[in-house]
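Hello,

Here is the structure for your files. My notes follow below it.

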Amino acid sequence: MNVIDYQTAAAAQQSRNADRRVLIRVEGLSKSFGNLKVLKNINESIREGEVVTIIGPSGGGKSTFLRCLNLLERPDGGRVLFDGTNLSDKKVNITKQRQRIGMVFQHFNVFPHLTVLENITLAPTLEKKMTKAQARARAMELLERVGLADKKDEYPSRLSGGQKQRLAIVRALAMDPEVLLFDEPTSALDPEMVGEVLEVIRGLARSGMTIVIVTHEMGFAREVSDRVFFMDDGVIREQGTPEQIFQNAADPRTAEFLRRVML
């Protein structure tokens, strides 16, 4: 891409993003574990329908930042606002807010004693007061979408790693969240399983779902992202379109990291 094409693409993306409402806003976000400062005064926003990938070296604060977005980690300083609601406010029902913020973890976190179908229908029936029939119908629709309908009566121990992660994604989707957070969803998978999980996430991105994903899959980040955050040493050192980050990184640390991981 030449300079003119790059500038045109970047301007067009910024224009599209500016028309979307801000869904997540962090202001002065800080977090420490003992004497270790993991997040340092981060200010950033994510708009509805955006796909934002977070890349960077291990220990840079990526997963902690993600977990602060739904208060699985409570910040020491600053605010996390979701659709205008300050999640750190003690008056806020954080359980209700988390129903709007789905999360998929690195190690699946599915219930081993429940079948695939039961894993998916449990939360909607308990937390959203859906009938069992409604929850089952929604679960089957989602299982069809990710190619697991024939596994509905299986237990997780009978599933491959990729199938377990697809189940985890479906379980999050069953609550009809407004945003999905993914914390390195492929890092625990065998290489041949990675593609099937990434394809599901691609489909969600194409559907317009708001997605924030921590990943080490650089090609995937470049392909699906509206914006890429590069995090290191507790700060977002650089953020921009995939073209800006992967082809024209302005920060020397970003450029150094990408040179090393994309050899």
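What covers the buried residues of α6? The cover includes β6 (101-104), α4 (116-127), α5 (132-146), β7 (179-183) and α7 (191-207). Helices (H or I, at least four residues) and strands (E, at least two) are DSSP runs, numbered from the N terminus.

This is a predicted model: local features need pLDDT of at least 70, side-chain atom pairs count only at pLDDT 80 or more, and totals for chains, interfaces and linings use all residues. Residues are numbered from 1 along each chain as its sequence is written, and side-chain values use heavy atoms, without hydrogens and water.

Helix α6 spans residues 161-173. Of its 13 residues, 11 are buried, so α6 is largely enclosed by the rest of the structure. Buried means under 20% relative accessible area, exposed over 50%, partly exposed in between (1.4 Å probe, protein chains only). Among the buried ones are Leu 167, Ile 169 and Val 170.

Now the salt bridges (a side-chain nitrogen of Lys or Arg within 4 Å of a carboxyl oxygen of Asp or Glu). The count is 23. Arg 21 pairs with Glu 178, with the closest N and O atoms 3.4 Å apart. Arg 21 sits in the loop between α1 (3-18) and β1 (22-33), and Glu 178 in the loop between α6 and β7, so the pair ties together parts 157 residues apart in sequence. Arg 21 is partly exposed at 33% relative accessibility; Glu 178 is partly exposed at 27%.

Another salt bridge joins Arg 253 and Glu 256 (3.6 Å, N to O). Both lie in helix α10 (residues 252-261), 3 residues apart, about one turn.

Best wishes

Conventions: Expected span 1.5 Å × (residues − 1). Contact = heavy atoms within 4.5 Å.
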